[in-house]
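Please open the model in your viewer and keep the selection panel at hand. The stops below say what to select next and what is there.

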Amino acid sequence: MEFLYEKEARRYMLFLAAFWGLLVGTALFTAKWQAEGTKRVLMEREQEIASALLLSDVAPGVIAKAYRNREVTKEGIAFMKKTGWSIQSEPWLLPAVGENAVWFRRLTVGVAMALGVVLFGGTASFLQKREKLYKKVEKGIMAFSDGDFSARLDCGEEGTFHRMLRKIDDLSLALQAKGEAARLARQDLQDAVSDISHQLKTPLSALTMYAEILLGEAGNPEAVRSFAQKSLQSLERMESLLLTLLKVMRLDAGGIVLEKERCRVSDLIGRATSQLQERAREEEKQIVWEGNPEAVLYCDLLWTAEAVSNLVKNALDHMQAGGTIRIGWQEFPHMFRLWVEDDGCGIAGEDMPHIFKRFYRSQNTSDRQGAGLGLALAKSIVEGQEGLLSVESIPGEGALFTVMLPLTKL
């Protein structure tokens, strides 16, 4: 009887119980009233008969003996029929009986009508409250369907109906969250398109300019060679930008499955820095690492190496000549910690909350070549493996990026 958990249902059941008690009490009262009326009618009739017999000089003893008699004989029945009295006689032939029957009918009809009014009124009140609640719920659901999730359904009570309201409320919150996620996704897409347009504007403009110069300098081999090289550099930058953006968007959308495997950390770091060592030497910077060379972890080797590579690239972009990038790692019981530390310019406090956002570039940086996608890609790769990427920095003293990954396949 789960419906009894609901307050309104309990009230209605209490009303029905009270009505049942009233019905039983009324039945007992009417039964008693009818018994009293019947006794009165019989007493009056017997008094009338006794008076008539006494007037006819019948001995009192005979009359008393007749009243004490409980035996019905055929002769007695035949005598009553001869006098016109039988069980089929109409009640109105006996005025007292007829009067008593009329009053009893009136009482029965009146009591039935009164009880019907009580039952109808209680049921109508219950249904009216239900209808009011239904309209409120309908109004809330219509608001949800129109995208207005500010209203809340009245679901603070117990019972099946209110549990259903809580489920509807939960569904509205889920729809609200989904709608907000869709809105943010549209906003992200709009921002991404805007940022891509902005990022491609410079190399496209450069390519247009280089093409015009090449057309004007067709007879100058040195100029053609120089601007052809610059065109290739702009194309490479555009290709790198678009490929990196596609990687980020595919990772965030779940379009790329990261396959974890057992790999040595030294192989991971070697793959991540192999193409950056030459750049570091040219810029008079150092990349060094330290840690247990036999340490292993479960990760996607190629993608994790790209994440670490992006962290190293970011450090190279924000360091002066003579700087050093230190890569280290450490095993814990359930987690593996890897860090990339530099002694560059550091990160300003106002930039810290935005450092992993796509296309974000600090106003304080001198680097104008980066597109602001490397750290966003690194974060997507790490989080795609149930990991965590964080950063600590002191402006003017460098930055420390920390990667935390599960030590097992799980």
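**A covered helix**

Begin with helix H10, in which Leu375, Ala376, Leu377, Ala378, Ser380, Ile381 and Val382 are buried, where buried means under 20% relative accessible area, exposed over 50% and partly exposed in between, computed with a 1.4 Å probe on protein chains only. H10 spans residues 374-383 and is mostly covered, with seven of its ten residues buried. Helices (H or I, at least four residues) and strands (E, at least two) are DSSP runs, numbered from the N terminus.

Before moving on, note that this is a predicted model, in which local features need pLDDT of at least 70 and side-chain atom pairs count only at pLDDT 80 or more, while totals for chains, interfaces and linings use all residues. Residues are numbered from 1 along each chain as its sequence is written, and side-chain values use heavy atoms, with hydrogens and water left out.

**The sheet**

Next, select the strands of the open sheet, which has five of them in the order E2-E4-E5-E7-E6, with mixed pairing; two strands pair if DSSP finds at least two bridges between them. E2 and strand E6 (388-394) stand at the edges with a single partner strand each, so one side of each is left without a neighbour in the sheet. Neighbouring strands here are turned by 15° against each other on average, direction ignored, the axes being lines fitted to C-alpha atoms (for helices over the stretch in contact) and angles running from 0 to 180 degrees between N-to-C directions.

Walk through the pairs in turn:

- E2 and E4 run parallel and are joined by five bridges; valine 288 stands opposite arginine 326 in E4.
- E4 and E5 run antiparallel and are joined by seven bridges; tryptophan 329 stands opposite leucine 338 in E5, and a hairpin of three residues connects E4 to E5.
- Strand E5 (residues 335-342) and E7 run antiparallel, again through seven bridges; the bridge partner of glutamate 341 is leucine 400 in E7.

**The cavity**

How many cavities of 30 Å³ or more does the count come to? The count comes to one, a cavity being a set of points on a 1 Å grid over the protein atoms alone where a 1.4 Å probe fits but cannot get out, with lining residues having an atom within 4 Å of a point.

Helix H9 (301-317) and strand E7 (398-406) each supply at least two of the lining residues, and H9 gives the most, with three. The lining divides into six nonpolar residues, one polar and no charged, where Ala, Val, Leu, Ile, Met, Phe, Trp, Tyr, Cys and Pro count as nonpolar, Asp, Glu, Lys and Arg as charged, and the others, Gly among them, as polar.

**Two loop residues**

Finish in the loops. Aspartate 57, in the loop between helix H1 (7-55) and helix H2 (60-68), has a positive phi of about 65° although it is not a glycine, and at 72% relative accessibility aspartate 57 counts as exposed. Glutamate 284 is placed in the loop between helix H8 (277-282) and strand E2 (286-290); the phi of glutamate 284 is near 60°, a positive value in a residue other than glycine, and at 58% relative accessibility glutamate 284 counts as exposed.

Definitions and conventions. 1 Å grid on protein atoms, 1.4 Å probe; cavity = no way out; pocket = protein on both sides within 12 Å on 5 of 7 lines; lining within 4 Å. Points joined across faces, edges and corners; volume = space filled by probe spheres on them.
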